[in-house]
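Thanks for coming, everyone. Let me put the structure on the screen, and then I'll walk you through it.

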Amino acid sequence: MACLVIVGTQWGDEGKGKVVDLLAEQATAIARFQGGNNAGHTLVVGGDKFIFHLIPSGVLHQDKTCYIGNGVVIDPAVLLTEMDRLAERGHAVGPDKLKISERAHVIMPYHQALDQAREKAKGREAIGTTGRGIGPCYEDKAARVGVRMIDLLEPEALTRKVEENTAAKNYLLTGYLNSEGIPAEPIIAQYLEYGRRLAPFISDVALELDQVLASGGNLLLEGAQGTHLDLDHGTYPYVTSSNPVAGAACTGAGVGVTRLNQVWGVVKAYTTRVGGGPFLTELTDGTGRWIQEKGAEFGATTGRPRRCGWLDAVVVRQSVRLSGMTGLCVTKLDVLTGLERLNICVGYRQPSGELLERVPASLTQLAACEPVYEEFTGWSEDITGCRDYQDLPETCRAYLERLAELAGAPLAVVSVGADREQTIMLREAWA
Ligand code: GDP
Ligand code: IMO
Ligand code: MG
C-alpha cells in the first residue's frame, strides 16, 4: 500500500498528465482532488493524444478506478462530453471505472457568467482566468450556498438552491457588472438531466479511497494547476481559487494526512505561464518565441499562447518546501536541445542589492527584483531516444543535477518527449 501525490511546481502545464499516466501503470486508483476544467492534462500514448480536463489522467489504463474527489469543481457538461469523446475512441468510462464525489461542488452557468463579466470589468487588471467559472464556484462553496453533486439527485433541494442563487447572481450581473441575467428554470431542468446521467457514478469517494488503501492498493493523487497558482501560496491575486499544493490532496480527496507516502513535483525544464501576473524570468525576445514554438506552448484548455522563460529555481525550491516534495519529475528537457547557453535563476536581486531566495508576498517588491542567473552550456544531441540517465549528454545532466541541488529534492523522472515511452525513471514511485 502506498499513496503518492503529483503536483505542479510552477504555474501549471508542467506535464502532470504525462507523469500521472506513466505512474498509473502501478496504481490501483487515481484521484483528482482540486481545480476543475481550468485544467488541461495532455497524454500521448503510442502517438495518440488525449486531453483531460476533469477525468483523471490514469483513465486509459485497464483495471484502474478513477475518482473525482470532493475538492474538485465539476462542470457536468464538460465531464459528460469528455466521457462521450473517450467512448468514441474506444475507452468507454462506466460507473465501475469512474466515481464522482457526492460532495464535489458543481459549476453552474451563473458561475461562468460571473467569471467572464468580472474579467471584462477588470480590463487591463484582468487575471486572465480560463473563464470556466472556477473562482465563483469556489466562492459559493466557501459562502455555503453552493450546489453539490448530490443536489443533482434531489430535485427539491436543487430547485431551491438554483432559485436563490440566480436571484442573487442576477442582481450582481445586471446591477453591477453590466451583464445579462440568467433564468432559473432552464438551469434546473438541464442540471436534473445531468443528474440522471451521472447518478450511477456519484458515490462516497473518501470512503472508497480509504478502502483502496485498506486493501493494500496504491493510490495516485493527481494535482491540477501549479504551486504558484495556489490561492494561499501563489502570486495572489494572479492565482486560481483552489490549493494546488500537496496538502490539499488530503482535504480534496478525503484522505488522512498520515496516509501520504510521497510527493513528487513536476518541473518543466523551463518556465511557462498562461494569463496575467508576475514572471521574473520571462523571455520576451527571440529565445522566448523559440521555446514557445519548439515546446508547442499553447494552452490545452483555452488555446492561448503560454508566456515562456528560463527555469526559476527560486520558484521550484519554494514549491518543494510548501509540499514537502520527495522527488522531481523534470519534463520537456528535449525542448531545450539546440540552445547554446541556458540560464537558471538562483535568486532575486532587490534594489538594495540584497539577494532574495524566496518569492515575496508583495507583488510590488517582486516587480522591483531582477533575476540572478547561473549560466549553463547547452547540448545539441537528440535526447528523445534516451531511456537511461547515463545516455543523456554530460551538459544536460549538469543542468538537471544543479536544478535538483538548488530545489532541494532528488530527480525521480526525466521526460524527453511527450509520449509515455519517452521517459527516464530514476526512483521507485511505490516503494
Ligand atoms: P499539465 O497540465 O501539467 O498536464 O501539462 P499540459 O498537458 O497542459 O502541457 C504539457 C504539454 O507538454 C503537453 O502537450 C504534453 O504532451 C507535453 N509534454 C509532456 N512532457 C513532455 C516532454 O518531455 N517533451 C515534450 N516535447 N513534450 C512534453
Ligand atoms: P493545469 O492543470 C495553467 C491559470 C489561468 C489564470 C489563473 C486563474 O493544466 O496545469 P482560473 O480559471 O483558474 O480562475 O484562472 O490560473 N490556470 C492555469 N494555468 N495550467 C492550468 O491547469 C491552469 N488552471 C488555471 O490561466 O492565469
Ligand atoms: Mg495543462
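**Ligand 2 and its surroundings**

A polar side-chain atom of Thr240 lies 2.6 Å from an oxygen atom of ligand 2. Taken alone, ligand 2 exposes 550 Å², and the protein buries 97% of that. Those areas come from the Shrake-Rupley method with a 1.4 Å probe; for residues, only the protein chains shown count as cover.

A word on the source. This is a predicted model: local features need pLDDT of at least 70, side-chain atom pairs count only at pLDDT 80 or more, and totals for chains, interfaces and linings use all residues. Residues are numbered from 1 along each chain as its sequence is written, chains are lettered from A and ligands numbered from 1 in the order in which they are written, and side-chain values use heavy atoms, with hydrogens and water left out.

Back to ligand 2. Thr130 also reaches it: an N or O atom in the Thr130 side chain is 2.6 Å from an oxygen atom of ligand 2. Gly128 uses its backbone instead, with an N or O atom 3.4 Å from an oxygen atom of ligand 2. Which residues come nearest to ligand 2? Of the 20 around it, they are Asp13, Lys16, His41, Thr130 and Thr240. Around means having a heavy atom within 4 Å.

**The magnesium ion**

Asp13 comes up again here. The protein donors of the magnesium ion, ligand 3, are Asp13 (OD) and Gly40 (O), 2.0 to 2.2 Å from it. Asp13 lies in the loop between β1 (2-8) and α1 (16-24), and Gly40 in the loop between β2 (29-32) and β3 (41-45), so the pair ties together parts 27 residues apart in sequence. Donors are N, O and S atoms within 2.8 Å of the metal (3.2 Å for Na, K and Ca); water is not among the atoms, so the site may look incomplete. Helices (H or I, at least four residues) and strands (E, at least two) are DSSP runs, numbered from the N terminus.

Gly40 is buried, at 11%. The cut-offs: buried is under 20% relative accessible area, exposed over 50%, partly exposed in between (1.4 Å probe, protein chains only).

**Backbone points**

The peptide bond from Tyr236 to Pro237 is cis, with omega near 5°. Pro237 lies in the loop between β10 (218-222) and α8 (248-253). Gln225 is in the loop between β10 and α8 too. Its phi is positive, about 55°, although Gln225 is not a glycine.

How values were computed:
A polar contact is a pair of N or O atoms within 3.5 Å; within protein, one must be able to donate a hydrogen and the other to accept it, and residues adjacent in sequence count only if both atoms are side-chain atoms.
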